[in-house]
Amino acid sequence: MNEQMRAVALGGGHGLHATLTALRRLTDDVTAVVTVADDGGSSGRLRRELGLLPPGDLRKALGALAAADDGARWAEVFQHRFGGSGALTGHAVGNLLLAGLFEVLGDPVAGLDEAARLLGVSGRVLPMSTDPLDIEAEVTGLEPDGAVSRIRGQVAVASTPGQVRRITLHSVVPAGDTGTGAAVKPPQACREAVDAVLSADVVFLGPGSWFTSVLPHLLVPELHDALVKTTATKIVILNLVPQPGETAGFSPEQHLDVLFQHAPRLGVDAVIADSDSVPTPARLRSAAAELGGRAHLASIATPGVVGRHDPDALAGCVRDALGATSAKEGLSWR
């Protein structure tokens, strides 16, 4: 009997949700490794008020992997946002539940595992770091003289009208922990996330907000090293449309170039893109080859919906790409 292939998907937000929804059609052994730098909305409020990991992207990943039968009602409640005009306005039920689990159990990984049991998740959701992280970006186009500006925070970076050139990542030590005011330190990887990457059969990066959801994984030293060292097949899934602010005007191959700039030692085996989103296929194939991989173009967008991957089509393209890059004995997709 073939063993289910171990898949690990790295990202955040709606992009990671798309990958996880597709992977559920292929294997039960899926681990999501999620960015934890969100500082806006409900997640940002809980992060500032409680000093916890921002739960929003973690909640979305759990929802994507939730069981379609026993966990369906809980998944619906988990995603529900309160209306009204009071203190709970805008908060998602799942964000509050995760915040409570993090505080009661004193361990975000244990809290996520408990939430996964509640939702009937067969895989696992992990943070890329157990510390909340901050993104800082070098941006051009904001100053009339063309000088480079530095902006900080995921929301600020994602919404900048300038051109993001490069990002850095760090964790913040609260003032009460140092006695000398808030301080920054290098980001520390979640140990379970590192282990998942090292033991995976296939690892996915993207789609998603390139500078705030995809690239941050490459800036956590231990996670970066694991991505370089793993023997897993590595697949990059490109966005359907450029992201306003972050990657406005970027070609598909520019996304790969930025990936290489942030992680020069990272090789990839395959690059998946929507055929209607690639103006010059030959350039993308050349860019993928420079990273050691092969470009796979197919119609993977949801008809009539801008910027949304079709889960079935994406799952089929993943299957084809994996079949073209490896034949792991004794392992199979569902």
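Tutor: Let us begin with a definition: a residue is buried under 20% relative accessible area, exposed over 50%, and partly exposed in between. Please note that this is a predicted model. Asp225, at 34% relative accessibility, therefore counts as partly exposed.

Student: Which residue does Asp225 meet in a salt bridge?

Tutor: A salt bridge is a side-chain nitrogen of Lys or Arg within 4 Å of a carboxyl oxygen of Asp or Glu. Here the side chain of Asp225 meets that of Arg265, at 3.3 Å from N to O. The two belong to distant parts of the chain, 40 residues apart: Asp225 is in helix 11, and Arg265 is in the loop between helix 12 and strand 11. Arg265 counts as exposed, because its relative accessibility is 54%.

Student: How many salt bridges does a search of the whole structure find?

Tutor: The search finds 13. One of them joins Asp131 and Lys185, whose closest N and O atoms are 3.7 Å apart. Asp131 lies in the loop between strand 4 and strand 5 and Lys185 in strand 8, so this pair ties together parts that are 54 residues apart in sequence. Both partners are partly exposed, Asp131 at 21% and Lys185 at 32%.

Another bridge, of 3.2 Å from N to O, is formed by Arg152 and Asp134. Since Arg152 lies in strand 6 and Asp134 in strand 5, the pair ties together parts 18 residues apart in sequence. Is each side chain buried or partly exposed? Arg152 is partly exposed, with a relative accessible area of 43%, whereas Asp134 is buried, at 13%.

Student: How should I read a helix, for instance helix 6?

Tutor: Helix 6 has twelve residues and reaches 16 Å from its first C-alpha to its last, close to the 16 Å expected. After the helix comes Gly120, with a positive phi near 75°. The buried residues of helix 6, including Val109, Leu112 and Ala116, pack against helices 3, 4, 5 and 9 and strand 4.

Student: Which residues form a nonpolar patch on the surface?

Tutor: The patch consists of Trp74, Val77, Leu97 and Leu118, which together have about 320 Å² of accessible area. Trp74 is placed in helix 4 and is partly exposed, with a relative accessible area of 44%.

Notes
Residues are numbered from 1 along each chain as its sequence is written. This is a predicted model: local features need pLDDT of at least 70, side-chain atom pairs count only at pLDDT 80 or more; totals for chains, interfaces and linings use all residues. Side-chain values use heavy atoms; hydrogens and water are left out. Patches are made of residues with over 30% relative accessible area and no salt bridge: like charges are joined within 9 Å, nonpolar side chains (Val, Leu, Ile, Met, Phe, Trp, Tyr) within 5 Å. Accessible areas come from the Shrake-Rupley method with a 1.4 Å probe; for residues, only the protein chains shown count as cover. Helices (H or I, at least four residues) and strands (E, at least two) are DSSP runs, numbered from the N terminus. Buried means under 20% relative accessible area, exposed over 50%, partly exposed in between (1.4 Å probe, protein chains only). The expected span of a helix is 1.5 Å times one less than its number of residues. Contact means heavy atoms within 4.5 Å.
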